[in-house]
Amino acid sequence: MQEHIADNPLLVERFPIPFDAVKAAHVEPAVQVLIEQMKERLTSLGNPDLPRTYASVLLTLDRMTEPLDYAMAVVRHLEAVATTPELRAAYNAVQEPVSMFYTSIALDPNVWAAVKGVNESAEAKSLDPVHKRFLDKTVSGFRRSGADLDAAGKKKLEELEVALTKATTKFSENVLDATNAFDLTILDEAQLAGLPESARVAARESAKSKGREGWRLTLQAPSYVAAMTYLDDRGIRRQLWEASNARATGDPFDNRELLAEILRLRREKAQLLGYRDFADLVLEERMAHTGGEAQQFVDELRKKTVPFFESENASLAEDARKHGYAEVHPWDVGYLAEKQRLALYDFDEEELRPYFELDRVVSGMFEIFSRILSIKVIAETGVPAWDAAVKYYRVEDAATGKFLGGFYTDWFPRENKRGGAWMDSLITGHPDENVPHLGLICGNLTPPAGDTPSLLTHREVETIFHEFGHLLHHTLSRVPVRTLAGTNVPWDFVELPSQIMENWCMERDALHLFARHYKTGEPIPAELFEKVRRARTFRGANGQMRQLGFSMVDLKLHREYDPARDGDVLSYARDILQQFTPVTLPPHYGMIASFTHLFSSPVAYGAGYYSYKWAEVLDADAFTRFRKDGIFNTTTGEEFRRHILERGDSEDPAQLYRRFMGRDPDANALLERLGLVQAA
């Protein structure tokens, strides 16, 4: 046993991480050892006989859990991208003790007394702004985590946190399993009419991978989106749409009771801590501050969008009749919208795909932001990873050559990998000690097929740029306090660095660096680019309403939903989303049961989905400065790096924004970008 522990790769932080050495059998022994170590550190931190200084209490607290954070980051990541039954079981087994330990930190009376002692000391008044902010946020965080509860309240809070961890983990697992449980094999090629050749080749390869004849369609994004956009066969589109929106709503992967349970647990937690609801609890430290403020923001944007939304829907219905559709159903919208776009702009999204070869897109993106932000991104080989398709890079400061951090990329879907796209941090470095950062970016993009390389849609290109923005926010951080570093910012600010990066995907000069035909090397023709530019705001109101609908259902579930009064949670969510949807949703619509953004962790984006739109206002406005100064302007880029990317949560985000822009944000920039402003 001792030899096994000594060789456990989760017990020693390594850079880069030896992912190939981590096995499911390492998880429970490592976590057991680490929790015992963490408990000893916690006891030592709260020792009333030790001096109560900022360094001995707050800075120790900031770094106390690093070994456990590291181990759990590695395990959590592997369970998301390379899961096995054994790894899942091990991960689930450590959820309860890990959750209980993290919850116990703020509930430890001696540690709380030590934190308060520093806060009330003369030293606290003389701290520099970053450290004073950390002290203030720590005091607030302890109170919001139950430090002032009595013994019974603390015990109840621990129970709620453990229950939330278990329920949200199971929710996420059910979505992955339900997604993988469905596929559709087409044997008659005539049924694939309308489907682009790239999607046909991918479907053929997918069938071969399962030892089947024909073409295999799945609920993975590249397969599903292509079918819903181009497939002429209405019956197949309906089958796919209904399967996607019924995921995890029935046996054996049923999330309906879990969904209600997660909402109940979050509500109980908020009320135990003295808040009106879960939204007010989680938003107190964010830019919106309250659930009511966030909901008002969403509703105001909705009102400004509705006239354009109604006009777009009337236009689509009129066009639908020309195609023989007396009534438009949800599984028709994407298909008919693509027909309309083609008629209006003579533009088919598939025309762009040959110009977006994955490796060229990624290298072009690195070149763009290396220019703007004065960095170098260098590929390295021979670095252990979790899949053969994973690549590793290092980031250096261009001026000094200093090693800032490393990151992995994992772009393609697999059945052992969860859906969606995300960035995650594995190690938060310490700039004052020359310890670099380590992170990763993942997607589920169109994979190579046969002899054809990975060719992306424009939206997939935007996804890569988006996640790289998050990665840079982490990797370029220069904050001396780990808790305030990188992406550890209010969630309605965290999307600014990611969403602003998407803007370069629509700039001609930027596209010249990476949008080249994969066979000829030719850039996107001027005529095709003009089509793209003209079509950019096509159905912009529908896109906005979709995001606002997700934001509103999130806020209402966490602020207003009462099962005794409102009944079934799926029906309640459906009725809200219907107000933001261009066509009638069927009574059994169950999308909310697979909404992992909201329910895949104890907090996740719960009561915070509005953050995407909040940050979109910021990014649309902030990019106006790059437009004015030049999209490759190094002075502007350097200021964005210095004032936003390097600063984490070391200062009020509103002040960071003002420092970069010289003023508060202007919401009209977003409406103008989406074409949602009435002509004068």
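Trainee: In this predicted model, which residue's side chain meets that of Glu79 in a salt bridge?

Mentor: The assignment requires a side-chain nitrogen of Lys or Arg within 4 Å of a carboxyl oxygen of Asp or Glu. Here the N to O distance is 3.7 Å, and the partner of Glu79 is Arg88.

Trainee: Is Arg88 buried or exposed?

Mentor: The cut-off for the buried class is under 20% relative accessible area. Glu79 has 11% relative accessibility and is therefore classed as buried. Arg88 has 17% relative accessibility, so Arg88 also counts as buried.

Trainee: How many residues apart are Asp183 and Arg216?

Mentor: These two side chains form a salt bridge, with the closest N and O atoms 2.7 Å apart. The pair links distant parts of the chain, with Asp183 in strand β1 (residues 183–186) and Arg216 in strand β2 (residues 215–218); the separation is 33 residues.

Trainee: By about how much of a helix are Arg371 and Glu367 separated?

Mentor: Arg371 and Glu367 form a salt bridge whose closest N and O atoms are 3.4 Å apart. Both lie in helix α17 (residues 358–373), and because they are four residues apart there, the separation is about one helical turn.

Trainee: Which residues are linked with Arg63 in a network of salt bridges?

Mentor: The structure holds 65 salt bridges. The network that includes Arg63 links it with Glu66, Asp69, Glu433 and Arg482.

Trainee: What is the residue opposite Arg394 of strand β4?

Mentor: Strand β4 (residues 391–397) has six of its seven residues buried. Six bridges join β4 to strand β5 (residues 403–410) in an antiparallel arrangement. The residue in β5 that stands opposite Arg394 is Gly406.

Trainee: Which residue in the turn between β4 and β5 has a positive phi?

Mentor: β4 and β5 form a hairpin with five residues between them. The phi concerned is about 75°, and the residue is Gly401.

Trainee: Are helices α26 and α27 roughly parallel or antiparallel?

Mentor: The axes of α26 (residues 611–629) and α27 (residues 634–645) come within 9 Å and cross at roughly 155°. Angles over 145 degrees fall in the antiparallel class. Therefore α26 is, relative to α27, roughly antiparallel.

Definitions and conventions
Residues numbered from 1 in each chain as written. Predicted model: local features only at pLDDT ≥ 70, side-chain atom pairs only at ≥ 80, totals over all residues. Heavy atoms only, no water. Axes fitted to C-alpha atoms, helices over the stretch in contact; angles between N-to-C directions. Helix = DSSP H or I, 4+ residues; strand = E, 2+ residues; numbered from the N terminus. Parallel < 35°, antiparallel > 145°, perpendicular 65-115°, else oblique. Buried < 20%, exposed > 50% of the residue type's maximum accessible area, 1.4 Å probe, protein only. Pairing = 2+ DSSP bridges.
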